Amino acid sequence: MLRKLVQSVFNGFCGIFPGVAFRSVADIQEEVRNAGEKLKMEIVQINSAREKEAGSANEKWQKNLAELRYHIHIGDDPSKFISWPVIQRTMFCSSSVCELHELQKNQNWLNVYKHALSESPVGNPPHYPWYPWTSGNTVHHLYNLSQLLDRTDFNLARCNSIIEFGGGYGNTCRILYRMGYTNRYVLYDLPEFSALQGFYLGVNKLLKDNRIELVSSETELTSTAQKDLGLLIALWSLSEAPLEVRDTFMKVIGHPEYILVAYQEQFGGIKNREYFDEFKKKLGAYIWTEYPITHAKGQWYLVGKRLT
């Protein structure tokens with residue numbers, strides 16, 4: 001039943017991941033099936049009435065989580081999860097062509113960005129019409145990361161740890177490892193999305209050596225946090241969380257050396273422009289660059305580097 005999709009996954013893996021070409025279609029079919037069954041079991045075990053702690057969500061996101069659980073419970077094929085309406089609505093971006101053009105004009109295009117744009121077939125993402133061997137989401141995620149590289153002296157090779165608040169289905173994490181990152185990466189998210197990240201990153205062969213940690217509670221976050229965090233990434237995620245969740249998260253992680261945030265001006269009645277003004281004051285000694293996204297009305301980037 002999955003033969004056509006699995007063949008696509010197989011062909012994509014041969015071009016994207018070293019050492020995979022020798023694997024048979026049957027091997028990959030079994031791996032995708034097993035990963036899908038594991039995802040379903042994890043979702044079944046998640047209690048929809050879980051305790052409202054650091055991993056809790058507001059009413060809008062509770063509805064999104066219920067929709068995600070529904071897709072998996074009724075047996076929708078997780079190999080095509082990117083086509084599910086809840087994913088398309090909440091974490092897939094078609095990307096403005098101007099983002100691709102900016103990447104292509106960038107000094108890092110040939111040695112970093114062009115390679116990083118190669119898409120994974122996992123999830124069956126739609127091809128980007130202006131650059132068909134990637135997706136609009138990967139263009140957009142790489143464009144987000146370019147804001148940090150272009151506006152600070154951030155060096156991926158020297159970064160010891162990254163934490164991402166709200167990691168989507170794991171694509172930004174995948175891109176960073178494709179760009180050459182080799183160290184610890186923590187994804188802090190709601191349990192359902194942590195399970196989805198486990199499926200996506202697992203089939204992409206990124207969970208083999210325990211560098212990536214999937215965390216979905218304040219207790220887990222506290223136990224995995226470290227004093228000298230290299231980079232915080234929060235792309236339209238911290239700005240969508242309840243204020244108490246934001247405050248608890250920031251208290252736990254402390255003062256990352258670098259920060260990359262994207263946010264909308266308002267969400268759920270919260271004025272995020274005012275919130276991030278206070279956010280900067282609380283963190284103290286940083287060099288900040290904050291600016292509107294010219295092709296996305298009401299959306300902002302905030303990039304920071306710690307001074308001490």
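Me: What should I know before I start?

Reply: This is a predicted model, where local features need pLDDT of at least 70, side-chain atom pairs count only at pLDDT 80 or more, and totals for chains, interfaces and linings use all residues. Residues are numbered from 1 along each chain as its sequence is written, and side-chain values use heavy atoms, with hydrogens and water left out.

Me: How many helices and strands are there in the protein?

Reply: Helices (H or I, at least four residues) and strands (E, at least two) are DSSP runs, numbered from the N terminus. Here the protein has 12 helices and 9 strands.

Me: What share of the residues counts as buried?

Reply: Buried means under 20% relative accessible area, exposed over 50%, and partly exposed in between (1.4 Å probe, protein chains only). By that test, 55% of the 308 residues are buried. Contacts give another view. A contact means heavy atoms within 4.5 Å. Take contacts between residues at least 6 apart in sequence: 69% of them join residues at least 24 apart.

Me: How do I read one face of a helix?

Reply: Start with the general idea. An α-helix has 3.6 residues a turn, so residues three or four places apart point the same way. Now take helix H6, residues 109–116. Its buried residues are Trp109, Val112, Tyr113 and Ala116. Seen down the axis of H6, they fall within an arc of 115 degrees, so they line one face of the helix. The arc is that of the directions from the helix axis to the C-beta atoms.

Me: Which residues of H6 are exposed on the other side?

Reply: Leu110 and Asn111 are exposed there. The cover over the buried residues of H6 includes helix H5 (97–105), helix H7 (136–151) and helix H8 (171–178).

Me: Which residues of H5 are buried?

Reply: Glu99, Leu100 and Leu103. They cover an arc of only 100 degrees around the axis, which puts them on the same side of H5. These buried residues pack against H6 and H7.

Me: How do I read a strand?

Reply: Check its cover, then its two sides, then its partners. Strand E4, residues 231–235, has 5 of its 5 residues buried. Leu231, Ile233 and Leu235 point one way, while Leu232 and Ala234 point the other way.

Me: Which strands are joined to E4 by bridges?

Reply: Two strands pair if DSSP finds at least two bridges between them. Strand E1 (residues 161–165) runs parallel to E4, joined by 3 bridges. There, Ile162 has Leu231 as its bridge partner. Strand E5 (residues 258–264) also runs parallel to E4, with 5 bridges. Here Ile233 has Leu260 as its partner.

Me: What unit do E4, H11 and E5 make?

Reply: A crossover is right-handed if, with the strands pointing away from the viewer, the path from the first strand over the helix to the second runs clockwise. E4, helix H11 (residues 243–253) and E5 make a right-handed β-α-β unit.

Me: Where is Trp84 found?

Reply: Look in the loop between helix H3 (59–73) and helix H4 (85–91). Trp84 is buried, with a relative accessible area of 4%. Beyond neighbours within four places in sequence, its contacts are Leu68, His71, Ile72, Asp76, Asp77 and Pro78. Leu68 is 16 residues away along the chain, with 8.3 Å between the C-alpha atoms.

Me: How much space lies in the largest pocket?

Reply: About 1,000 Å³. Of the 45 residues that line this pocket, Trp61, Thr90, Leu235, Trp236 and Glu240 are the closest to its centre. H7 gives the most to the lining, with 4 residues.

Technical notes
On a 1 Å grid over the protein atoms alone, a cavity is a set of points where a 1.4 Å probe fits but cannot get out, and a pocket is an open set with protein on both sides within 12 Å along at least five of seven lines; lining residues have an atom within 4 Å of a point. Grid points are joined across faces, edges and corners, and a volume is the space filled by probe spheres set on the points.
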